[in-house]
Amino acid sequence: MSAINREPLTAPHRTRNDAVLALGVALLAVAIALMGGEGIPPDHLGWTLLLGGHVPLVWRRRRPVVALLGITACVAPYYALDYNPALPIPATVLALYTVAATGAVRRTLLTGVAVLGPTVISNGLTNPTGALESLEISGWIIAVLFIGIDVRYYRWYVASIVERAERAERTREEEARYRVAEERLRIARDLHDLLAHSITLIGVQTSVAAHVLSADPDRLDRKAVAQALEDIAETCRTARGELRTTLEVLRAHDTVVGADPGAGAGCVSGSVSGAEDMRGPLPGIAGLAGLAETGRVAGAKVELFVRVESIPPSVGAAAYRIVQEALTNAVRHGGREDLTVRVGLWTVDSALRVSVRDDGTGEDAGSGGGVGLSDGRPGFGLVGMRERARSVGGTLDAGPGSAGGFEVTATLPLSREDELR
């Protein structure tokens, strides 16, 4: 089966193997000649023509048609001299099979016509009573040609199966690498949202405590200071818990990947699946009340309006992270003590609409919604929000509001049922 499945034109050591095969076929012809048979036993000329007809078999795969013509050039005078007709049959059959198995169907049919046409016509003219014999000869030649065609198509079929399997394996490896990259990007976005939100709140709460301590040292409001410090501690505890969950996902990913360096794409894919299993519940619409409360603790007036029905978890998680980042940017860059942030979520036309508007006057608010870092370098706030929206097939716009301040709006379609990767 290995010899049949292998493409004959690209097989290794084909000339050497064909030389051995030609020698074996010649020995078979000698053995048949020793057993006797019809026709005149070969003499010196007959043996020369017979053995010379086996030499072209050495190049049967490299030049199949030339090999067949060389065999024909020796076999035709052999048959004309009425030597034993059975002796050249193995070499002729092998040459015909090679032509059919290595070439197009058109070439095979033309070869069959070229071989059978003169034989059938000459027998019909010189020996009309031998029509049955001509039919028998034509039958086995046609059978050999069709066997070669069938083997050729079988090789094509096997090659296509192998090619599809290799392509599927490459696709699985690419999909595994893509999922790993997506997982890393998701974790990076989560870390950015978590740290930016928590650090902003801690900074605001620390400023409140510092203001209370320095405003009137003689009449220290211990209760306000204690509340500010308790808010800072609570923010740290929440951030530490979310950070621990993220790091557990990373550790699980590294453990699975490091367990078997040679496992390939299956190991990578398994590691991503394991990370997804340990991710825990996704944040969603239910957590918006907590975000609004943290914004109020940070000194902003947060008005929350939510009118949504059941939505896919992936869309809910994206909306949560968009509101979290937009609220963080508003608190950080609002520029006024009585900042008001209006957060609205509603469904319309099979999509979830998200709107976060503030009435801030900060210089940075209109230049990117708080995406700049403290040292002037551009940050990743708007980039992250847009990536969140695109992850569920949505869009996001951000810029100065029509009535001042800054506004972030997003449209997240609800028709997608797939979960976050």
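**Helix packing.** I started with helix α2 (residues 14-34) and helix α5 (residues 89-102), which in this predicted model pack at an angle of about 145 degrees, their axes 8 Å apart. Next I listed who meets whom: from α2 come Leu21, Val25, Leu28 and Ile32, and from α5 come Pro90, Ala91 and Leu94. I sorted the α2–α5 contact by class and got seven nonpolar residues, with no polar and no charged ones.

**Cores.** Which residues have the most contacts inside the largest nonpolar core? I found Ile322, Leu345, Leu352, Val354 and Leu412, in a core of 37 residues. Elements that each supply at least two residues of this core include α7 (131-215), β2 (340-348), β3 (351-358) and β5 (406-413). Helix α11 gives the most, with ten residues. I also noted a second, separate core of 18 residues, with Ile71, Val75, Ala95 and Val99 among them.

**A look at Ile322.** I left aside its neighbours within four places in sequence and checked what Ile322 touches. Its contacts are Val354, Met385, Arg388, Ala389, Leu396, Val408, Ala410 and Leu412.

**Confidence.** The mean pLDDT of the chain is 76, and 76% of the residues reach 70 or more. I flagged residues 256-280, where pLDDT stays under 50, although the model has 31 contacts beyond four places in sequence for them. I flagged residues 417-421 as well: pLDDT is below 50 there, and the stretch has 14 contacts beyond near neighbours in sequence.

Technical notes. Residues numbered from 1 in each chain as written. Predicted model: local features only at pLDDT ≥ 70, side-chain atom pairs only at ≥ 80, totals over all residues. Heavy atoms only, no water. Axes fitted to C-alpha atoms, helices over the stretch in contact; angles between N-to-C directions. Helix = DSSP H or I, 4+ residues; strand = E, 2+ residues; numbered from the N terminus. Contact = heavy atoms within 4.5 Å. Nonpolar A, V, L, I, M, F, W, Y, C, P; charged D, E, K, R; others polar. Core = buried A, V, L, I, M, F, W, Y, C linked by side-chain atoms within 4.5 Å. Buried < 20%, exposed > 50% of the residue type's maximum accessible area, 1.4 Å probe, protein only. pLDDT = per-residue confidence, 0-100.
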